[in-house]
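Hi,

Here is the structure I promised to pass on. My notes on its aromatic contacts follow below.

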Amino acid sequence: MAVDHKRFLADLHKLREFGASGVGKGVIRPAYSDADIAARKWLAERMIGAGLAPHFDPVGNLFGLAEGTSLLMGSHSDSQPEGGWLDGALGVIAALEIARSCDRPISVVSFQDEEGRFGVTTGSAVWSGGLPLEHADGLTDGAGITFGAARSAMTDLSQGFVDPARFSGFIEMHIEQGPSLDASGDQIGVVTDIVGIRDMSITFQGQQNHAGTTPMHLRRDAFQALSLFNTRLNDRFRNVVTPQTVWTIGRVDLHPNASSIVPGRVRFSMQWRDGDADRLARMEEIIRATAQEVADQQGLVLEFGPLLGLEPVAMDTTLRTALENGAGRVAPGKWRKMPSGALHDATNLSRLMPVAMLFVPSINGISHDFAEDTAERDLVAGLDVLEHAVQALV
């Protein structure tokens, strides 16, 4: 077995061309976009060249299947609306290089909609059985397009769902998407566990009105409700969370979003992450209670969207040990064990099989941005760690 570093990097840069933003190395390749579908078709061709059988399932997950029982490796190839070139793509191309360099059975996957255009790691959630397809089809993106309508763009490629029983385990290589490795000068991170996540939308419905003639004390201003909710939430979380707990209001849709109109409705995303399931549940209680309190005080109608989420997951000991041994050989004294604060498809797959993850540094800790990048020597080091791990496992 001998991986080809130049071929690996060339394929990684080629994949970047699908949906290239024109700004640095950034990409715009959201799930089911023309760029995303074109990238998956190109990946299918590369899989054939690696001796794998490409297989698209009903939600657009792309598998490159080895014969018989195999170790599954990969990640995703869709991007954020303003995404980096490595997020997800690195794991797919690294898996492809391992598969075509190895004389042992390695299958490759690029899961669909990991970035959550419609939910939380939607493609792998459906495939793993955590999200029924009929429920997924009703999920909508920010523009109101349903998952069912979006995935219809790939119907002609669908070959049915792949049986998970054909895989012995799953390894996912990824950029860290945080500053720890870059700040410490470490080259490799072996993941110990992945945090849990909760995600839902919240809507405050007030009364749209004239901004010049409506007295402040008579307003039912949806944006003021959001502002009050955010302030109270931060205060009430104070004695519940840890320094590793995070929460985010990342998308806000204000209606009618005009300078001379008191906004009558605001719909916003609420997401929180932590490694402890009980803490996630306690945070949900606080979020719901705080939103209800604000709505009652301001005279607004409150609506919660579906609660989506995944539980915290510990990595498999055998797979993780193989990665640790590989890291020790490739980057002696420059690797560490670490948790993942970002969500990954490996969480969903842990329902079905042993899973493990490997990180390489993100320059300045930047991800989900056109500026996302990793030094090529670190990308290659990660590939070499995978190579050593596979030699020990398969």
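Let's start with a cluster: Phe-63, Phe-111, Trp-127, Phe-167 and Phe-170 are linked by ring pairs. Rings of Phe, Tyr and Trp (its six-membered ring) pair if their centres lie within 6.5 Å; planes under 30 degrees apart are stacked, over 60 edge-to-face, the rest tilted. That rule gives 14 aromatic pairs.

Before the details: this is a predicted model, with pLDDT of at least 70 needed for local features and 80 or more for side-chain atom pairs, while totals for chains, interfaces and linings use all residues. Numbering runs from 1 along each chain as its sequence is written, and side-chain values use heavy atoms, leaving out hydrogens and water.

Phe-111 and Phe-170 have ring centres 6.3 Å apart and planes at 75°, so they are edge-to-face. They link distant parts of the chain, 59 residues apart: Phe-111 is in strand β4 (residues 106–111) and Phe-170 in strand β5 (residues 167–175). Strands are DSSP E runs of at least two residues, helices H or I runs of at least four, numbered from the N terminus. Both Phe-111 and Phe-170 are buried (under 20% relative accessible area, 1.4 Å probe, protein chains only).

Phe-229 and Phe-268 form a tilted pair, because their centres are 5.5 Å apart and their planes at 50°. Both of these, Phe-229 and Phe-268, are buried too.

Arginines also turn up: the charged end of Arg-16 sits over the ring of Trp-85, 5.7 Å from its centre, and that of Arg-288 over the ring of Phe-304, at 4.8 Å. "Over" needs CZ of Arg (or NZ of Lys) within 6 Å of the ring centre and within 35 degrees of the ring normal.

Cheers

Definitions and conventions: Buried < 20%, exposed > 50% of the residue type's maximum accessible area, 1.4 Å probe, protein only.
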